[in-house]
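Hi,

Here's the structure I said I'd pass on.

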Amino acid sequence: MNTFVRCGSLFTGTEDEPRKGECLVHDEAGEIVYAGPEAKAPRRTKSDRQLDYSGYFVMPGLIDVHTHLAYGNAKCEEDIDLYSPLEFRALRGLFFAQKCAAAGYTAICSPGDAGQVSLSVRNAIRAGLFDGPRVVAAGPYITTHQGLTDWYPTWIGAPTTSIGRLVTNINDAIEEVRKQVKDGVDCIKIALDGIQRRPDGELIAAFTQDETDIIVRETHRMGKKAISHSVGREATLYAARAGVDLIFHGFDLDAECIAAMKQSGSVLSPTLTHPRNLIDFTQPHEPAAQKGRVEVTEQRYRIGVANLKKAKAAGIPFMTGTDTGFAITPYGEWHARELELFVQDLGFTPAEALRIATEGNGRFMSAAGDIGTLEPGRKADFIALDGSPLADIGLLLDKRRLRAVHIGGKKVEIEDRGYDPHKVTDFSLSNWTDLYTQARVAELRGRPHRLAAE
């Protein structure tokens, strides 16, 4: 039995303009057998069924290559690493993966999580136990004392429940790659820098060039893709020279980094949504504001956008990802903002942004199957929208416009179930956001503070 899908506009992901008067046909296995003019479609039989989306814009399911399923909409690092057992994180991760699918994201990459949380979510969905997006999963970040995820003091160390695996020499790093491959990861995440800087302000790379080369070479030898957290110039350069497949962030890249990326074929995913949301959403009373993170992030964002535009002009390929999983990037909410920012801040056209979020991201997600475009032989992962994102890319953020989500041909209908974050994520022991001295209390109450000596 085949399914015939009548489309008002069909955007295949392979070209910039939608097609009118066309249809999709997929088989029972969820594979597309025809995409083209309805008049030339295969003849329907009595057992075939038809879906009438003739009033909608039909396009490939969207893909986010930066969604951390184990984070749980975290407000702090301790929320990520400490206060929830891995078993609960896996169940919570599945719930949140379904939130992504309900927002039109039929595939996600979870690039670095604790234990085997994302692997377990991926496997449960692939086995058909639950509906959800296709998942490409990494294990814990491979990090050093200078890398992201080793964010606790040295007298505490890296907890076993952390999203990072601290290595102290290159042999440990290679062993960790081999262990994760045995566990079944799709890619290896390297924390190539973190927050430590030299006196001149430059971010310090967590690994040397030689060490990075060895880790990436072993990853590729194992048949897996290498991905990296690389914000600074040094880490971005090392990643590009080593042939890292997907470089996240790259805000401080320069001409040398761009040349290395062009030579190695590395792809860049800046994840603009996380810093932009931090700037736009952080409230004055929150620690991020009190510590000056908003101003610092705003400056970094401006510099990053200027540098990223140079990479775009040089022809470096981009991918869309959001760093979903934090309180400022909750699951199922802001994935499509990345496309909007690609258009507004980086100068991509809506069609280019759509093709990156489908065709471009789909090439990286090969472990999830042939996805990203609507062509014969590809998976029937598609969505139907009331309106055209080519006319208004921001339309993708309006979930009321999303009329249908299909994964492997199956229509996925997930209940929009709310949840109490205090029972799901907010388990840390932080109770206050201010220091209540007598002077501060008097200030908050709007009256002058009187000293006892007065």
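Below is what turned up on cysteines, aromatic rings and charges. Keep in mind that this is a predicted model.

Cysteines to start with. Searching the whole structure gave zero disulfides. Take Cys23: its closest cysteine sulfur belongs to Cys7 and is 6.8 Å away, which is too far for a bond, because a disulfide needs the two sulfurs within 2.5 Å. Cys23 is also buried, at 2% relative accessible area, while Cys76 is partly exposed at 22%.

Now the rings. The whole structure holds 13 aromatic pairs. One of them is Phe88 with Phe427: the centres are 6.2 Å apart and the planes sit at 65°, so we call it edge-to-face. Phe88 is in helix H2 (residues 86-102) and Phe427 is in the loop between helix H13 (421-424) and helix H14 (438-444), so this pair ties together parts that are 339 residues apart in sequence. Both partners come out as partly exposed: Phe88 has a relative accessible area of 29%, and Phe427 has 26%.

Another edge-to-face pair is Phe95 with Phe96, with 5.4 Å from centre to centre and 65° between the planes. Here Phe95 is partly exposed at 22%, but Phe96 is buried at 1%. Follow the ring pairs and you get a cluster of Phe95, Phe96, Tyr331 and Tyr419.

Last, look for charges over rings. Arg276 has its charged end over the ring of Tyr301, 5.1 Å from the centre. Lys312 lies over the face of Phe348, 5.0 Å from the ring centre.

Cheers

Technical notes:
Residues are numbered from 1 along each chain as its sequence is written. This is a predicted model: local features need pLDDT of at least 70, side-chain atom pairs count only at pLDDT 80 or more; totals for chains, interfaces and linings use all residues. Side-chain values use heavy atoms; hydrogens and water are left out. Buried means under 20% relative accessible area, exposed over 50%, partly exposed in between (1.4 Å probe, protein chains only). Rings of Phe, Tyr and Trp (its six-membered ring) pair if their centres lie within 6.5 Å; planes under 30 degrees apart count as stacked, over 60 as edge-to-face and the rest as tilted. Helices (H or I, at least four residues) and strands (E, at least two) are DSSP runs, numbered from the N terminus. A charge sits over a ring if NZ of Lys or CZ of Arg is within 6 Å of the ring centre and within 35 degrees of the ring normal.
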